[in-house]
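Please keep the structure open beside the text while reading.

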Amino acid sequence: MSRGRIGILTGGGDCPGLNAVIRAVTKTAVHQLNMEVVGFLDGFRGLVEDETLPLTYDAVSNILNQGGTLLGTSGRETYFGVPAGSRLKPSKENRLKDALGVFRKHGLSGIICVGGDGTLTVAHHLHRRGIPMIGVPKTIDNDVLNTDLTLGFNSGCTVATDAVDRLHSTAASHHRAMVLEVMGRRAGWIALEAGLAGGGDVILIPEIPFSLEAVCEAIRRRHRSGRRFSIIVAAEGARPRGKKEGWAAPRGGVGIALSGEIERRTGLESRATVLGHLQRGGAPTFFDRVLATQFGHAAALLASRNRYGKMVCLKKGALGVVELKLGSGGTRDVPLNSPLIAAARAVGTSFGN
Ligand code: F6P
């Protein structure tokens, strides 16, 4: 006889490794814990509108290496991520009532929520309002509070690093300043780490507002020393001193704006590449598959022990557990005293400041 039922949902922007978490939770629950698993479709929408997928051992076979999420996801733009035109009643309280009703109807002990800051914040809210929750931090941005790493970051950075590598050869051939815009609206982890891994000459992150003149001077300096190309890796949230987020365009546009300015001010040819959702699609890396399996296994164990209100995390290389509220309600920036910034500066990388 089954020893209970748990739910699982994926919310917010997708990332590589979500299917691997769903698989790890389900296989641990079914195989090790003798529990049943119910998947909610499209994040919180499935919870509120009662759209589910029974997750059996077979249902999660052969998905370990697949990108995306078999459960679907929905954005954070509305409170529970309910798309416009949904048959749902509009008020938050009604949604909460619906969610509670669906939760009870399925006889669940709690729900494992795989998400970034937005999803985890809603999960914490629902936990306080009577739906026991466990959080699993994921986002390619790596900006969830109180975990050193989020699921998907390694895969996103791997794509971004490959892009930096590829831009090097074409930049060198044409003697151009190539700007790569990567994701990261509030935190610059991808730009910093992929820039470091790919040997970017200039790295621009939201945490360090830049001066256009300093960026151009770094490029001119390289030129003067005989290096006839430059690679600039910019987070989509990077901004010049004194400007607000979204200075170039409400969404993205930093790379193109920068490239135009570089060409105008230095007289060197420049091109921009916006990597966009390529960073979020496709198969998870080896690292993210392992992390997803560990996170999923740990989350299922917490559920079986009724330890709700927690978030699994990775701290100093070790798997851990923190209070769910510590992973919600904000984002984790790159600290200005980060050893990664120090190492990048030491090898001659400019942060444009
Ligand atoms: O939070 C993850 C993320 O990929 C950000 O880096 C990016 O700004 C945003 O999501 C894009 O969201 P959407 O897919 O809704 O355009």
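Which residues are buried in helix 8? In this predicted model, the buried residues of helix 8 are Val254, Gly255, Leu258, Ser259, Ile262 and Thr266. Viewed down the axis of helix 8, these buried residues fall within an arc of 125 degrees, so they line one face of the helix. Ile256 and Arg264 are exposed on the other side of helix 8.

The cover over the buried residues of helix 8 includes strand 6 (177–182), strand 7 (202–204), helix 7 (212–224), strand 8 (230–235) and strand 9 (270–274). As to its length, helix 8 comprises 13 residues (residues 254–266), which at 1.5 Å a residue should span 18 Å, and the C-alpha atoms at its ends are 18 Å apart, in agreement with that expectation. Gly267 follows helix 8 and has a positive phi, near 80 degrees.

**Helix 1**

Helix 1 (residues 18–32) has 15 residues, and its reach from first to last C-alpha is 20 Å, close to the 21 Å expected at 1.5 Å a residue. Helix 1 is mostly covered, with 11 of its 15 residues buried; among them are Leu18, Val21, Ile22 and Val25, together with Asn19, Thr26, Lys27 and Thr28. The buried residues of helix 1 pack against strand 1 (5–10), strand 2 (36–40), strand 3 (52–55), strand 4 (110–115), strand 5 and helix 9. Asn34, which follows helix 1, has a positive phi, near 55 degrees.

**Cavities and a pocket**

Rolling a probe the size of a water molecule over the atoms shows where empty space is left. When the whole structure is searched, two cavities of 30 Å³ or more are found.

| Space | Volume |
|---|---|
| Largest cavity | about 70 Å³ |
| Second largest cavity | about 40 Å³ |
| Second largest pocket | about 180 Å³ |

The largest cavity is lined by Arg185, Glu236, Glu245, Gly246, Trp247, Ala248, Ala249, Pro250, Arg251, Gly252 and Val254. By class, this lining of the largest cavity has five nonpolar, two polar and four charged residues. Val254, one of the residues lining the largest cavity, is also one of the buried residues of helix 8.

The lining of the second largest cavity is made up of His175, Arg176, Ala177, Ile219, Arg222, His223, Arg227, Arg228, Phe229, Ser230 and Leu268, and it divides into four nonpolar, three polar and four charged residues. Helix 7 gives the most to the lining of the second largest cavity, with three residues.

Helix 7 likewise gives the most to the lining of the second largest pocket, again with three residues. The residues that line the second largest pocket are Leu196, Gly199, Gly200, Asp201, Val202, Ala218, Arg221, Arg222, Val347, Gly348, Thr349 and Ser350, and by class they comprise four nonpolar, five polar and three charged residues.

Most residues other than glycine have a negative phi, and most peptide bonds are trans. His175 has a phi near 55 degrees, a positive value in a residue other than glycine, and it lies in the loop between helix 5 and strand 6.

Asn306 is found in the loop between helix 9 (286–304) and strand 10 (310–315), where it is exposed, with a relative accessible area of 56%.

Is Thr150 buried or exposed? Thr150 counts as buried because its relative accessibility is 1%, under the 20% that sets the limit for that class. Thr150 lies in the loop between strand 5 (133–137) and helix 5 (153–174). Leaving aside neighbours within four places in sequence, Thr150 is in contact with Pro137, Lys138, Thr139, Asn142, Asp143, Val144, Asp288 and Leu291. Thr150 and Ile140 are 10 residues apart along the chain, and their C-alpha atoms are separated by 7.1 Å.

Note on methods: Residues numbered from 1 in each chain as written. Predicted model: local features only at pLDDT ≥ 70, side-chain atom pairs only at ≥ 80, totals over all residues. Heavy atoms only, no water. Helix = DSSP H or I, 4+ residues; strand = E, 2+ residues; numbered from the N terminus. Expected span 1.5 Å × (residues − 1). Buried < 20%, exposed > 50% of the residue type's maximum accessible area, 1.4 Å probe, protein only. Arc of directions from axis to C-beta. Contact = heavy atoms within 4.5 Å. 1 Å grid on protein atoms, 1.4 Å probe; cavity = no way out; pocket = protein on both sides within 12 Å on 5 of 7 lines; lining within 4 Å. Points joined across faces, edges and corners; volume = space filled by probe spheres on them. Nonpolar A, V, L, I, M, F, W, Y, C, P; charged D, E, K, R; others polar.
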